[in-house]
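Colleague: I have some questions about the labels used for this fold. Could you go through them with the definitions at hand?

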Amino acid sequence: EDGYDLWLRYRPLPAQARANRPVAIVARGTSSMMQAAADELSRGLGGLFATTVARADHAGDGAVVLARIGHDEAASLRALGPRLGDEGYVVRRITVAGRALIVVAANDDRGILYGSFALLRWLQTGHTLGAVALMSRPKVKLRVLDHWDNLNGSVERGYAGQSLWDWWMLPDVREPRYVDYARANASIGINGAVLNNVNASASSLTQRYIRKAAALADIFRPYGIKVYLSARFSAPIEIGHLSTADPNDPQVAAWWRAKADEIYAAIPDFGGFLVKASSEGQPGPQDYGRSHADGANMLAAALAPHGGVVMWRAFVYAHDNPEDRAKQAYDDFHPLDGRFADNVLVQVKNGPIDFQPREPFHPLFGAMPHTPLMIEFQITKEYLGFASHLVYLGPLFEETLRADTMAKGAGSTVAGMISGMAGVANVGRDRDWTGSIFNQANWYAFGRYAWDPTSASDAIAREWAAMTFAPDPAVVDRVARMMAGSREAAVDYMTPLGLAHLMGTDHHYGPAPWVSALARPEWNPVYYHRATADGIGFDRTASGSKAIAQYAPPVAQRLRDPATTPERELLWFHHLRWDYRMPSGHSLWEELVVHYDRGVAYVDQMRGDWTALKSNIDSERFEKTAALLGIQSREARWWRDASLAYWMSVNHLPLPPGVRAPAHDLAWYKAEDFPDAPGH
Ligand code: BDP
């Protein structure tokens, strides 16, 4: 097995679980989505029960029936309709006219599609058909993958091969892989895909590329996935031959209206635009002295007649913000609350800097009560060891989503205030899609969290492990245990106690806390850690950048004092002396060392766990994962050693007794280079 089948493997269930066999699949409807659901059940149930489960018109005893709620075999479920809303489903074993049926019902075909996948998941995770009783509806409306794919086939921050989209061959060649991509997304409830990089090329909005995007939209449609495009703000100049892209210029607005009309003529259910503007050198409204709201609303007006939305990113920082990069998004966007059009969502990264192994929640959550917000997570592991390190992101998603902004009193969680969730995709052309088997879990977990942001990461890990390997407790327990602490381990060996942005220049691979000479201050790791002979950390209190004032008063109050700041975020908010006393009794320096060593030890433990699973896992997936864990174990040590060597060169402190010295001197680590690193 090479991992191509993801979590949709449908290998035969153990014999005793195959007792109650489904005999046929009956679809009460002819839409392409209903067909997709029935086909998936036929494939899935056929595989799981090691038999052929054919489509039929008559719902005999033992059939699986797909029906709209209140109709046909789902007539008796009518009362559940209001509880399912859009996209929700119910799967029940009911008796209709003396026949025992499994009914998958929903208000819409999308719900039936999701219910079908839920039924398969139920079986794949070791439950029996006879006991099925499922009901669920998504808590978040927009559940979107953002592909940072370029038109030349490369993927920004992609570590799983080239782009899935073969722009050259599209729209004519419709690879089966596109369908499998859509199936995988539908199985976890993802309902949108932004096809191209946020650092967008205007060409993606030309007629040539619209036709190609339309072909993908046609393939994805039966799976409930809408296509979106990243729009380059200066496209009216580059492909429209106007002299300006000023959002207040009527000609510019007219150009975007015509462009939207053209796109909708080819893709009637086009989702809308994702926009990175006035950010990291991208063109935007600020080039013309206009605000983000002016820019977003102009695009929103073009899409509104067609029902499309604008996902406007709040990832902005500029070189003339000398004080603290972490503050800028809030400073730019908070004053605009309530000024965005109804079909604009402001898309905010989970933390205020940039997808670090750990960040506190972004202060815009809770600060934009009159603006629909989307949260953006990175599924691809740009700052987390690329594709090679085993880092399960469930706990990262969970930590941010459960964070209490206190904006409207206790319980104002991030999860409760989002209208959409975007994940920067980690998929590419690798046979296993994501560069490793365990990276598939991050795609999976993202979808499950987008469906229900109050999910528990451990439950998702267990589900994924059962589907991906086997619903055998011996396998699931061990795999889930490996995953559970893997993100914390990466934080420990890379950026413990609230440190951030210490990675190598450009590629963001490996340790480089010493880098200090890059043109813009906020590109340098030293800007973030501020280590001196006296202490370490970024003072964001009133005596420093005052960034904590961007949080609601009860949160800010807690962050003001290092003693009440969560330890995991300590050096994010405070600059402390190396001999600062930690609750453990250790000095800050000793505590840092403990964390580095803990991270390394966890990786070794994961290796041990994996080795113990050898007889339970097919050889191809076993061997590749084992090799990657070997890389991770070496690189966790490298991170630890390079970091300690550097901190010691700054603080001149000895290592605590009994602690292993770095394998090399600092000069050795500084000389490391990675000409072959993706993204260099
Ligand atoms: C950073 C990436 C960069 C992206 C940028 C973004 O390093 O490649 O373009 O975020 O989100 O994480 O726009």
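Colleague: Which strands does helix 1 lie across, and at what angle does helix 1 run to strand 1?

Modeller: Helix 1 (residues 32–48) lies across strand 1 (24–27), strand 2 and strand 3 (63–68). Its direction makes about 175° with strand 1. Axes are lines fitted to C-alpha atoms, for helices over the stretch in contact, and angles run from 0 to 180 degrees between N-to-C directions. Two caveats on the source. The model is predicted: local features need pLDDT of at least 70, side-chain atom pairs count only at pLDDT 80 or more, and totals for chains, interfaces and linings use all residues. Residues are numbered from 1 along each chain as its sequence is written.

Colleague: Which strands does helix 3 touch?

Modeller: Helix 3 (residues 109–124) packs on the sheet and touches strand 3, strand 4, strand 5 and strand 6. Its direction makes about 75° with that of strand 4. Helices (H or I, at least four residues) and strands (E, at least two) are DSSP runs, numbered from the N terminus.

Colleague: What makes strand 2 and strand 6 edge strands?

Modeller: The open sheet has 6 strands in the order 2-1-3-5-4-6, with mixed pairing. Strand 2 (54–55) and strand 6 (133–136) each have a single partner strand, so one side of each is left without a neighbour in the sheet. Strands pair if DSSP finds at least two bridges between them.

Colleague: How many bridges join strand 4 to strand 5?

Modeller: There are 7 bridges between strand 4 (residues 89–96) and strand 5 (residues 99–106), and the two run antiparallel. Valine 96 stands opposite arginine 99 in strand 5. The loop between strand 4 and strand 5 holds alanine 97. Alanine 97 has a positive phi of about 50° although it is not a glycine.

Colleague: In what order do the strands of the barrel close?

Modeller: The order is 7-8-9-10-11-12-13-14: 8 strands, with parallel pairing. The twist averages 25° from one strand to the next. Strand 8 (residues 192–194) and strand 9 (residues 226–230) pair in the parallel sense over 3 bridges. Valine 194 stands opposite tyrosine 228 in strand 9.

Colleague: Why is helix 5 called oblique to helix 7?

Modeller: Helix 5 (residues 207–220) and helix 7 (residues 250–266) pack at about 40°, with their axes 9 Å apart. That angle makes helix 5 oblique to helix 7. The classes are under 35 degrees for roughly parallel, over 145 for roughly antiparallel, 65 to 115 for roughly perpendicular and the rest for oblique. Ile210, Arg211 and Ala214 in helix 5 meet Glu262, Ile263 and Ala266 in helix 7. Contact here means C-beta atoms, placed from the backbone, within 7 Å. The residues of this contact divide into 4 nonpolar, no polar and 2 charged.

Colleague: At what angle do helix 7 and helix 8 pack?

Modeller: Helix 7 and helix 8 (residues 292–303) pack at about 40°, with their axes 8 Å apart. That makes helix 7 oblique to helix 8.

Colleague: Which residues are around the ligand?

Modeller: They are Glu156, Arg157, Val198, Asn199, Lys276, Glu280, Phe315, Asp354, Phe355 and Glu382. The cut-off is a C-beta atom, placed from the backbone, within 6 Å. By class, the shell has 3 nonpolar, 1 polar and 6 charged residues. Ala, Val, Leu, Ile, Met, Phe, Trp, Tyr, Cys and Pro count as nonpolar, Asp, Glu, Lys and Arg as charged, and the others, Gly among them, as polar.

Technical notes
Contact = placed C-beta atoms within 7 Å.
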